[in-house]
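Subject: Handing over the structure

Hello,

Here is the structure you will be working with. Please open it first, then read my notes below.

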Amino acid sequence: MAACIFCKIIKGDIPSFKLFENDKVFAFLDIQPLSKGHALVIPKYHGAKLTDIPDDSLVDILHVLKKIAVATGAENYNVLQNNGRLAHQEVDHVHFHLIPKPNEKEGLGIGWPAQKLEMDELKKLFEEVKAKM
Ligand code: AMP
Ligand code: ZN
C-alpha cells in the first residue's frame with residue numbers, strides 16, 4: 001500500500017535497521033524502542049489487523065521472533081501485537097513487537113485488569129466463541 005510507512009520500509013524507500021527478510025516476512029529494529037533490542041516483525045502482505053492477513057503470510061513470523069529473541073540474548077521478553085486504536089495500534093500494517101525486558105523499568109509495562117467471571121458466564125462465552133470456530 002503506497003502510503004503505508006511499513007510498506008515503504010519493506011520496499012527500501014524508508015531506511016531501517018533490517019534484521020531479517022525472506023519472501024513473506026521482514027524484521028527490523030523499532031525506531032523508538034522500549035528497551036535495547038526492541039524489534040518488529042511484519043508480514044510483507046499489507047493489512048492493518050491480524051485477521052486481514054492470509055495464513056501463509058503469517059507462518060514464518062514466530063520463527064523470526066524466536067530468532068531475534070535468541071539474538072538479543074534476552075532472558076525476559078514480551079511478544080506483542082496490537083490491533084486497533086483502543087488496543088494501542090499506531091501503525092496500520094500488522095507488526096509483532098519483540099521487546100526485551102531487562103529490568104522493571106525498561107521494556108513493556110503491562111496493566112492487567114483481570115475480571116472475575118462466574119462459571120456460567122464463562123461457559124456461555126465459551127459456547128458462543130467455540131460455535132464460530
Ligand atoms: P504500535 O503502537 O503497535 O502500532 O507500534 C508501532 C511501532 O512502530 C512503535 O513502537 C514505533 O516506534 C514503531 N515505528 C514507527 N515508525 C517506525 C520506523 N520508521 N522505523 C521503525 N519503527 C517504527
Ligand atoms: Zn503496509
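Where is Asn82 found? Asn82 sits in the loop between β4 and β5. I come back to that loop below.

First, the ground rules. This is a predicted model, in which local features need pLDDT of at least 70, side-chain atom pairs count only at pLDDT 80 or more, and totals for chains, interfaces and linings use all residues. Residues are numbered from 1 along each chain as its sequence is written, chains are lettered from A and ligands numbered from 1 in the order in which they are written, and side-chain values use heavy atoms, with hydrogens and water left out.

The overall picture

The protein has three helices and five strands. Helices (H or I, at least four residues) and strands (E, at least two) are DSSP runs, numbered from the N terminus. The order from the N terminus is α-β-β-β-α-β-β-α. The C-alpha trace spans about 50 × 35 × 25 Å along its principal axes. Of the 133 residues, 30% are buried. Buried means under 20% relative accessible area, exposed means over 50%, and partly exposed is in between (1.4 Å probe, protein chains only). Among contacts with a separation of 6 or more, 51% are between residues 24 or more positions apart. A contact means heavy atoms within 4.5 Å.

The zinc site

Which residues coordinate the zinc ion (ligand 2)? They are Cys4 (SG), Cys7 (SG), His46 (ND1) and His93 (ND1), at 2.0 to 2.3 Å. Donors are N, O and S atoms within 2.8 Å of the metal (3.2 Å for Na, K and Ca); water is not among the atoms, so sites may look incomplete. Along the chain the donors follow the spacing C-x2-C-x38-H-x46-H.

His46 is partly exposed, because its relative accessibility is 25%. His93 is buried, because its value is 0%.

The loop between β4 and β5

His95 is also in this loop. The UniProt annotation "active site", from an unreviewed entry, covers His95. UniProt positions are given in the numbering used here, feature names are shortened, and annotations may be inferred rather than shown by experiment. With a relative accessible area of 6%, His95 is buried. A polar atom of its side chain lies 2.7 Å from the backbone oxygen of His93. That is a polar contact: a pair of N or O atoms within 3.5 Å; within protein, one must be able to donate a hydrogen and the other to accept it, and residues adjacent in sequence count only if both atoms are side-chain atoms. Leaving aside neighbours within four places in sequence, His95 touches residues including Phe6, Leu40, Val41 and Ile42.

Back to Asn82. It is buried, at 10% relative accessible area. A polar atom of its side chain lies 3.5 Å from the backbone oxygen of His88. Not counting residues up to four places away in sequence, Asn82 touches Ala87, His88, Gln89 and His97.

His97 lies in strand β5. It counts as buried, at 11% relative accessibility. A polar contact of 2.8 Å joins its side chain to that of His38.

Strand β3

Is β3 enclosed or open? Five of its five residues are buried, so β3 is largely enclosed by the rest of the structure. In a regular strand the side chains alternate between the two faces of the sheet. In β3 both faces are covered: Ala39, Val41 and Pro43 are buried on one side, and Leu40 and Ile42 on the other.

β3 has partners. Strand β2 (residues 25–29) runs antiparallel to β3, joined by five bridges. Two strands pair if DSSP finds at least two bridges between them. Val25 has Pro43 as its bridge partner in β3. β3 also pairs with β5, antiparallel, over three bridges. There Leu40 stands opposite His97.

Best wishes
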